[in-house]
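Subject: Structure handover

Hello,

Here is the structure I said I would pass on. My notes on what I found in it follow below.

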Amino acid sequence: MIGLVLMWAIWAIWPTFQYQGLSDAEKEMLREEGKLEEIESRTIKQGLDLKGGMYIVLEVDLPTLMETLAENKDGKFNRSITSVRDQLKRTPEANFFTLFTSTSGENNLKLSRYYYDYGSSNSDIIVALEDEAEDAINRVLEILVNRVDQFGVAEPTIQKQGDQRIIVELAGVQDSERARTLLESTALLEFFIVKDINTTNQLMIRIDQVLKGDTSISAVTKTASKDQLNDSQESDDQTVSVSELFGETEDSEASSDSAVVDENIFAERPFSAMLRNLGQTIGVPEKNVYAVKKILERAEVQEKLATVGGKFLFSHKAEEYPLVDGTLETMYSLFLVEDAAELTGGVVEEAKANLGPQGSTSAGQPIVNLTMNSDGARKWSIVTGSNVGRQVALVLDKKVHMAPNIREKISGGSTLIEGFADINEAKDIAIVLRAGALPAPVDIIQEKVIGPSLGADSVRSGTLSVIIGLGIVLVFMLIYYRFAGLIADFALIWNIVLVLAVLASLQATLTLPGIAGLILTVGMSIDANVIIFERIREELRKGKTPKAAVSSGYDRALTTIIDANMTTVIAALVLWQFGTGPIKGFATVLFWGILISMFTAIFVTRTIFNSFTSRKGFTKLSI
Amino acid sequence: MRIIKETNINFMGQRKLAAILSAFVILAGVISLVINGGPKLSIDFKGGTLVSVQYTEPMDVTAVRSAMGNVNIDGQSFDFSREEIKHFGGPDAVSVRVPHIDDAPENFAQKIADHLYDSFPGRVPDNKTDFILGKGSVGPKIGAELSGKAVMAIISALGLILLYISIRFEFRFALGAIAALAHDVLITLGIFSLLGFEISLPIIAAFLTIVGYSLNDTIVIFDRIRENVKASKREAYHTMVNHSINDSLSRTIITSLTTFFVVLVLWLFGGEVIHNFALAMIIGVIVGTYSSIYVASPIVVHLHETASK
């Protein structure tokens, strides 16, 4: 029987060795022959911490999902959602629906007004919305699987955890940034008509007027003395620290971090002073972005925006623009667009990344070609037909990618998006557009990225410590127990092989803590042998024959070993139950390690001893 | 070969001295814990962002610190010079830890890494992938959940073990074993606090392993006591316990030594990521061996003596 187990162990562990020995080219060859998958399915996988890669936990943004589902949103509804959002920030472990129910109650919010399709009483609607949320997470999961498949990662793990979370593990992924963007992107494509320049200018004047009356901002103008000037700047530029502007305590004195405004116009027009005129669009210098966003979030500014029925959107990336004096400044563009989107990404039938065709304005630039379905094509031709001469903004995830002027009515439903940094970005956007938009935005609530070099380091040092640790123990046992030590050494090696074999057949993932668990198993396995050998020695000292000593030594050590190991098994099981990722790996190895070491100590070494002691003429046991 | 000949050390006679020693070490740890306001938790539990990067030449932490004094992300400026910045593994690798910020910019960890990359041109690898050793961020929600889970794990492990020992031995043995465990974990926690090391997820795993190891040790001695109680009823209880500890002493020493070597190797060669895990194990092996002799057994003796009076 022992022989059978040994044969099984070697059979189980063989693919792992085979796989480790393969070069990349050989792997590629085997992949083509279709044999690689068979081998891979029988190897021990390396965890993120050994192979490098990323681990991300995503959570569906429920408040936003509920906002999207609601109809006839009014101020009362918006205030309630904002209040729930704030409460979630303060008590992150609270349940969204519990908060939503209680807040609706407090604010006397009749949910049937906003969610009339979902039921009539508040409690019915909450139940229906919970179902809707669960459905949303399932769709998110499906879409993410689709995206990752198209992105091309070997053995991704994408699974749901709890009610509203998704865990994504991409081992060995090289460009973690790209993968992250791909997962996080809501892929919400919208087409907005940009408001004409007159409306925009008038609105900005009104915002300036509102802010001018605000003492918190005019106070800044007075206190910001000339001493704070950055001397390399033009003399009429004054720096205003964003923190000062909003009374935050964090001090940032270095002027290079602060918003750059024109001092002369700052007092009169605090908002437009932050901006630059770029002809058709408004420029926001990179350093002013945070300040401008903060201003736009203010309630009085939001009110002004509501009166014109528009909203501000930033461009997707910053570009360098020449200033009057010839220097370059990096700026984002700011667009005032209509409140409601004319068309959304749901109409996209096909999206392909390409380089812009020769002769067009985007020649050689990465672009994404969109084909719309018939419904989309019809709407698109109406939108373009009735807005000739105006700008249309192509907005992806609330960021404007491009805002071309509509020259003529576009029928046929195809269009292209430009404004990508490189072809990879265009490819990824095409992937997310094809896979469809997420029903709700997702937040990354936990992420872990292990660089490939750290992983390789860990493998090296892990292997090294296993070998050295094992070596020391093997030599020690041999010196201390001589012949019996040899048997124990054999048992130990066999033990490790067996643990690896079990891991391979369970398709377990070996992590760094897993290696630590393996080393600990070495200790535990030796302990069982030590307990037995010490007992045998005691029995021998009492004057028993080797055969009798071995037999009673094993018998008496048995309960000790079982009791002693069971408690560690309990600890391992609890760890396994509680553990995430690496801890689970540790617990798995420890659990199997202990079971196997009990097996080897009780059966295997005993059989070996018996085969020697039962020989005729065996009188002295070397122990 | 034998290291330990037959011994007859009066362990139970030293129990007062041992109690003073244990009390002293635990007190030092507890004082340190109180002063520091509890154990120092890693971002796993507290939430926050951690970035480790690899430069091409040795870096001065002060230089990195001053570079982190002024981090500008999308027009929002931060001063991270007072955050935890230290070498990671070798002198040319640096790790930066920043606590959770409510209003954090998108992709915060990467932006910090970018800042570390751009601040020292010429001293970084050409490829950014080689530069970033690792990065991670944990939201406050996850942190709170994990803390709860970790506490639950330790409590349920202790509860199950208490049950197992009560069934296999006697209830007072279980009390002795649990006291020894609490002793071990408290001391390890205290030493970690004194050294200023943080408690991360792997360290919790190490604690539970210490629990398992220390128990293993304790139970081997208890097993001997159980056996000797059956064999001879005439001896005084504490003499018999002494006897049992002496009987199993050579096993205790050899097992502890081999395990100690193994975790020592892990500590020396296991690499940066596993360093503190191994340290917790080293402390655990030493304290665990000590506690099975000087904490668990005396408590059993004490409970027995009070019960028979």
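In chain A, helix α5 (residues 62-69) and helix α6 (residues 75-90) have axes that come within 10 Å and cross at roughly 170°. The two helices, α5(A) and α6(A), are therefore roughly antiparallel to each other, since angles over 145 degrees count as roughly antiparallel. The crossing in which α5(A) passes α6(A) is right-handed. On the α5(A) side the contact is made by A:P63, A:M66 and A:E67, and on the α6(A) side by A:I81, A:V84 and A:R85. By class, the residues of this contact are 4 nonpolar, no polar and 2 charged. Please keep in mind throughout that this is a predicted model.

Two other helix pairs of chain A can be described in the same terms.

Helix α7 (residues 96-106) of chain A and helix α9 (residues 122-151) of chain A have axes that come within 11 Å and cross at roughly 155°. That makes α7(A) roughly antiparallel to α9(A). Here α7(A) passes α9(A) in a right-handed crossing. The residues that meet are A:F97, A:F100, A:T101 and A:S104 from α7(A), and A:N122, A:I126 and A:E130 from α9(A). This contact of α7(A) with α9(A) has 3 nonpolar, 3 polar and 1 charged residues.

For helix α11 (residues 197-212) of chain A and helix α16 (residues 299-308) of chain A, the axes come within 10 Å and the crossing angle is roughly 150°. That makes α11(A) roughly antiparallel to α16(A). The crossing of α11(A) past α16(A) is right-handed. From α11(A), the residues A:T199, A:L203, A:R206, A:I207 and A:V210 meet A:E300, A:V301, A:K304 and A:V308 of α16(A). The contact of α11(A) with α16(A) divides into 5 nonpolar, 1 polar and 3 charged residues.

Next, the sheets. An open sheet of 8 strands includes strands of chain A and chain B, in the order β3(A)-β4(A)-β2(A)-β19(A)-β6(B)-β1(B)-β5(B)-β4(B), and its pairing is antiparallel. Its edge strands are β3 of chain A and β4 (84-88) of chain B, each of which pairs on one side only. On average, and with direction ignored, neighbouring strands of this sheet are turned by 15° against each other.

The strands β3(A) and β4(A) form a hairpin with 3 residues between them, and A:G162 in the turn has a positive phi of about 70°.

Where the sheet passes from one chain to the other, β19(A) is joined to strand β6 (residues 132-138) of chain B by 5 bridges, and the two strands run antiparallel. One partner pair is A:Q446 with B:V138 in β6(B).

Helices also lie across these strands. α9(A) lies across β2 (53-60), β3, β4 and β19 of chain A, running at about 175° to β3(A). α19(A) lies across β19 of chain A together with β1 (48-54) and β6 of chain B, and runs at about 100° to β6(B).

How many residues does each chain bring to the contact between them? Chain A supplies 68 residues and chain B supplies 64 residues. On the side of chain A that touches chain B, α15 (289-297), β19 (442-450), α19 (452-505), α20 (512-541), α21 (546-578) and α22 (581-613) each supply at least two residues. The largest share of that side, 15 residues, comes from α19(A). Its classes are 38 nonpolar, 16 polar and 14 charged residues.

A further open sheet, of 4 strands in chain A, has the order β13-β5-β16-β17 with antiparallel pairing. Its edge strands, each pairing on one side only, are β13 (343-344) and β17 (399-402) of chain A. Strand β5 (residues 189-193) of chain A pairs with β13(A) in the antiparallel sense over 2 bridges, and A:F191 stands opposite A:L343 in β13(A).

Last, chain B as a whole. Chain B has 11 helices and 6 strands. Its radius of gyration is 24 Å, whereas a compact globule of 309 residues would have one near 19 Å. The C-alpha trace of chain B spans about 80 × 45 × 30 Å along its principal axes.

Regards

How values were computed
Residues are numbered from 1 along each chain as its sequence is written. Chains are lettered from A and ligands numbered from 1 in the order in which they are written. This is a predicted model: local features need pLDDT of at least 70, side-chain atom pairs count only at pLDDT 80 or more; totals for chains, interfaces and linings use all residues. Two residues are in contact if their C-beta atoms, placed from the backbone, lie within 7 Å. Ala, Val, Leu, Ile, Met, Phe, Trp, Tyr, Cys and Pro count as nonpolar, Asp, Glu, Lys and Arg as charged, and the others, Gly among them, as polar. Two strands pair if DSSP finds at least two bridges between them. Axes are lines fitted to C-alpha atoms, for helices over the stretch in contact, and angles run from 0 to 180 degrees between N-to-C directions. Angles under 35 degrees count as roughly parallel, over 145 as roughly antiparallel, 65 to 115 as roughly perpendicular and the rest as oblique. A crossing is left-handed if the near helix is turned anticlockwise from the far one by less than a right angle, and right-handed if clockwise. The radius of gyration is taken over C-alpha atoms; the globule rule is 2.2 Å times the number of residues to the power 0.38.
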